[in-house]
Amino acid sequence: MGFLSRRVLTAALTANAIRTLPDPKIAAASFLPGWFVGELAPQLLAATAADTAIAVARGRAGRTGLVLAGATAAGLGYLVWQGYRSHRTLDAALEEGLGADYVERLDAPPSPGDYATPWRSLARPFHWSRPDVEVLKDIRYFDAGRRGLLDVSRPKGAVPRGAPVLLQVHGGGWVLGSKDQQGVPLSLHMAARGWVVVSINYRLAPRDAFPAQIVDVKRAIAWVREHIADYGGDPSYVVITGGSAGGQLCALAALTPSDPEYQPGFEDADTSLAAAVPHYGVYDMAGVTGLASAARMRDTFLAPESCRRRTPPTPSCSRKPPPSPGSRRRRPTSSSSTVRATRWSTSTRGVSSSAGCARCPATGSCTPSCPAPSTPSTCSTRSAPYRW
């Protein structure tokens, strides 16, 4: 592959990472390369500069190639800048959720070094280990093959006593992902600071349709409550976090403590949490907010891939829809304001079928195919292009 071909490919990948095309079919195919480029923007920027310098020295860099190299470098620099300033977004969310003086109330306020990326991480981005952290791999928390395994990360040396516990839930659209691929730097960082971190696998759709995933998260919480003291953790202080699909599962677990509907076979287990920190999750699985993006995700991905449900009518309501039944549950104290977004249909109960009754996602009432609801509804129905 010549210099110009390499520059065209890198420029296309960089543009995809900055702005994914809105077409759902194209967006699904472009997600993984965009993720790769976004995570490795500093390394790709260095490789682009080196490749361009070598091509110029050998007289093989044409004008088009140099223009593409410059545009690619600018795009990668923008991605690096976005990553650098991300701590400001996090700080703003923490100030909104915890108060502007939250830093003053910390035992040890963060230093500038806490926001910096170590050079060794830039040079070896896939080297995930720390000399001061012990990782206990592949502990079984229920019988589901590799999907029923978890890892425990804790400070190396003397076994801690009564350490706070963090439960990490990986993302992947409920259909892919692993504890070995996501959240590892976070787990190591928190373990080095004295936490006991539990990273879990869970069953995936479409083989195991929703709500299998939240049931497994609940199983993991119950396991932590029962066993984490053996690993140095405090079972009375469990915090949950996750990103993307893991963020949705994290928020749903926090909003449904000890809910027997999501705890088949272990209904009496305590699955309450001290705090929840969900990141960039999908909190509107039913499309009750009326946002086109939420309805598109529901119709093209969530229903056919994650839930595998029969086709109900799609609501078309003349008034702003209320929160779904699952959103009215007690919310735990959260260390991030992002959990507030779960007030909109974090649970799929608003769109599920139970006792032969298809529920209207907007109102939670029965559709016209079922017995009439006790209160009048302005919700009309039309055919939906998806399967529940």
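**From the whole chain to a helix and a strand**

The chain has 11 helices and 10 strands, where helices (H or I, at least four residues) and strands (E, at least two) are DSSP runs numbered from the N terminus. This is a predicted model, in which local features need pLDDT of at least 70 and side-chain atom pairs count only at pLDDT 80 or more, while totals for chains, interfaces and linings use all residues. Residues are numbered from 1 along each chain as its sequence is written, and side-chain values use heavy atoms, with hydrogens and water left out.

Of the 388 residues in the chain, 43% are buried; buried means under 20% relative accessible area, exposed over 50%, and partly exposed in between (1.4 Å probe, protein chains only). The accessible surface of the chain comes to about 20,100 Å², and carbon and sulfur atoms hold 57% of that; these areas come from the Shrake-Rupley method with a 1.4 Å probe, and for residues only the protein chains shown count as cover. Among contacts (heavy atoms within 4.5 Å) with a separation of 6 or more, 71% join residues 24 or more positions apart.

Now let's look at helix α3, residues 41-57. Its 17 residues reach 24 Å from first C-alpha to last, close to the 24 Å expected at 1.5 Å a residue, the expected span being 1.5 Å times one less than the number of residues. Which residues of α3 are buried? They are Ala-41, Thr-48, Asp-51, Thr-52 and Ala-55. Seen down the axis of α3, these buried residues fall within an arc of 100 degrees, so they line one face of the helix; the arc is that of the directions from the helix axis to the C-beta atoms. Thr-52 counts as buried because its relative accessibility is 15%. Leaving aside residues up to four places away in sequence, Thr-52 touches Phe-3, Arg-7, Leu-66 and Ala-69. After α3 comes Gly-59, with a positive phi near 70 degrees.

Strand β4, residues 196-200, is mostly covered, with 5 of its 5 residues buried. Val-196, Val-198 and Ile-200 lie on one side, Val-197 and Ser-199 on the other. Strand β2 (residues 149-155) pairs with β4 in the antiparallel sense over 4 bridges, and strand β3 (residues 163-169) pairs with β4 in the parallel sense over 5 bridges; pairing requires at least two DSSP bridges between two strands. Val-197 stands opposite Ser-153 and is also the bridge partner of Leu-166.
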